[in-house]
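Here is a short report for a reader meeting this structure for the first time. Look at the model first, then read on.

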Amino acid sequence: MKWLLPLVGLFSVWVQADVRDVRIWPGPDGDTRIVLDLTKALEHRAFDLSAPSRVVLDISNARMLKDLDQVDLTGSPVRTLRSGRHGQNDLRFVIELREGQEFRTFPLPPNDIYGHRLVVDLTARPTPRVVGNQAISIPAPVKQSTGRTVTRDVIVAIDAGHGGEDPGAIGPGRVMEKHVVLAIAKELQRLLQDEPGFTPLLIRTGDYYLGLRERASKARAAGADFFISIHADAFKHPSARGGSVFMLSDRGASSEMASYLADKENQSDSIGGVKLENADDHLAMTLVDLSMTNKRKESVQLGSHILEQMGGIAKLHKSQVEEANFMVLKTLSVPALLVETGFISNPQEARALADRNYQKKMARAIFTGTTRYFRRYPPDNVQLAQAPASRVYVVRRGDTLSDIAVREGVAVTALRRANDLKSDQLRIGQQLQIPRS
C-alpha cells in the first residue's frame with residue numbers, strides 16, 4: 001500500500017487555496033478597498049494590531065502566489081504588504097498602515113468577471129466629512145429688492161458608473177466602461193463649473209468602487225436637483241448600437257433591451273462588493289415613493305432635452321426616454337436619469353467612446369440638454385428662477401452663433417436682434433446679450 005502515500009500528498013496540495021492576485025483601490029475620502037483573488041472559497045480570521053498599525057488576516061490552508069512588492073500602493077494608507085506561513089498550512093497576510101484605520105472583511109462569490117475573492121475595506125477613523133466627494137460652495141441666501149430670496153445654484157449630481165473592482169462592460173481593444181464614463185463625467189463637470197447658475201457634484205472622482213445606494217445617498221446629502229448616471233453598456237450581440245436615456249420605472253421595463261440593461265447594471269454591487277444597507281435607505285425609499293409621481297414628468301422632459309442633443313452627435317437606440325428598474329435611480333426624490341452613451345460592445349461605438357474628442361462632444365450634448373431644461377424650468381429659490389430679462393455671454397474659442405443659440409435655448413434671430421448683429425461672425429471675448437427664452 002506504499003503507492004497510496006504520494007496520492008495523499010498530491011490531494012492535500014490540490015485542495016489548498018492560492019491567493020493569485022492582490023489589488024488596492026484607494027477612494028477620495030480615506031476609504032480603501034483591498035481585494036485578494038482566490039482559487040477557491042476559504043476561511044479566514046482578521047484582527048488589528050497597533051504600534052505600528054496593522055490589519056492581519058490568517059487564511060486557512062492557503063498560499064500566497066502574488067509578489068507583494070509588485071502591488072501598487074500609490075494613494076492608499078497602506079505602508080507595506082507582507083505574508084508568511086502561520087502554523088503548518090495557514091497563510092498570514094499583514095497590511096501595515098500609515099495610520100489607524102477601521103476595517104471589515106467579507107468574501108465575494110464568483111461572477112462573470114472574477115472568481116472567489118476576499119475583500120478588506122479600510123475606513124479612515126471618523127472625522128467631520130465633506131458632503132459627497134467635493135466641497136460644494138452653496139451661496140448664502142441673498143435678499144433681493146423684490147423681497148424674494150435667492151439661495152443657490154442648481155446642483156447637478158454626475159455619477160460615472162462602475163469603477164475600481166467593477167470595470168463595467170469591456171469592449172473591443174479592452175476599452176473599459178468605467179474609464180470612458182469617468183472621462184465624460186469629468187468633462188461634464190468642467191462645463192457646468194464654467195456655467196453661471198450651476199454647481200456640479202462628481203459622485204465618483206477616480207478609479208474606485210461605490211455601491212449603487214451610496215451613489216444616490218451622496219446626491220441626497222448634497223441636496224442635488226438632478227441626478228444623472230452615465231454608462232456605456234454592452235449587449236450580447238455586437239450589432240446593437242445607439243445612445244439611450246432611461247428613467248426609473250414604477251411598473252416594469254419599457255422594452256426587452258431596457259430590462260436587459262437594468263439587470264446588468266444592477267449586478268454592479270455583486271461585482272464591486274456591496275456595502276451593507278442601513279435604515280436610511282429604507283426611509284429614503286418610502287419618501288421617494290411619495291414624490292415620484294411629480295418627478296416622473298420632470299425626468300421625461302429633462303431626458304427628452306438630453307436625447308435631442310445626443311441625437312446631433314450619435315445614433316439613438318430609442319428616440320424617447322425609456323423606463324427600467326435601475327437600482328442607482330432609487331431613493332431619489334428629484335429628476336434622475338441613466339444615460340447609456342452607446343454600446344461599448346459594438347466595435348464602431350467602442351472606438352468612438354474611447355476617443356477624447358467624442359467624449360467631449362457627448363459631455364457637451366448632456367450639458368446643453370441639462371442647462372436648457374433648467375433655464376426653462378428652474379427649481380424654486382435658485383438664481384436661475386430670478387434671472388433677468390437677458391444676461392451676458394462672453395464668446396469663447398470655437399463658439400458659433402448657432403451653437404450658442406442651441407445651448408441657450410433661444411432662436412438665432414433673437415440673438416441677432418438682441419445684439420444688433422449684421423452677420424453671424426463672432427470674435428473671442430465678444431459680449432452677447434442672451435434674451436431669456
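His 162 is buried, at 6% relative accessible area. Buried means under 20% relative accessible area, exposed over 50% and partly exposed in between, with a 1.4 Å probe and protein chains only. This is a predicted model: local features need pLDDT of at least 70, side-chain atom pairs count only at pLDDT 80 or more, and totals for chains, interfaces and linings use all residues. Residues are numbered from 1 along each chain as its sequence is written, and side-chain values use heavy atoms, leaving out hydrogens and water.

**Backbone in the loops**

Most residues other than glycine have a negative phi, and most peptide bonds are trans. His 162 is not a glycine, yet its phi is positive. Ala 51 also has a positive phi. A cis peptide bond joins Ala 51 to Pro 52, with omega about 0°. Gly 223, with a positive phi, follows helix 3. Helices (H or I, at least four residues) and strands (E, at least two) are DSSP runs, numbered from the N terminus.

An open sheet of mixed pairing holds 5 strands in the order 5-1-2-9-8. Strand 5 (62–64) and strand 8 (101–108) are at its edges, each with a single partner strand, so one side of each lacks a neighbour in the sheet. Two strands pair if DSSP finds at least two bridges between them. Strand 8 pairs with strand 9 (residues 117–124) in the antiparallel sense, over 8 bridges. Here Pro 107 stands opposite Leu 118 of strand 9.

**A pocket with charged lining**

How many residues of each class line the second largest pocket? The lining has 5 nonpolar, 5 polar and 11 charged residues. Asp, Glu, Lys and Arg count as charged; Ala, Val, Leu, Ile, Met, Phe, Trp, Tyr, Cys and Pro as nonpolar; the others, Gly among them, as polar. Helix 8 gives the largest share of the lining, 6 residues. Helix 2 (177–193), helix 8 (356–376) and helix 9 (401–408) each supply at least two.

**One exposed lysine**

Lys 422 sits in the loop between helix 10 (412–419) and strand 21 (431–435). Lys 422 is exposed, with a relative accessible area of 76%.
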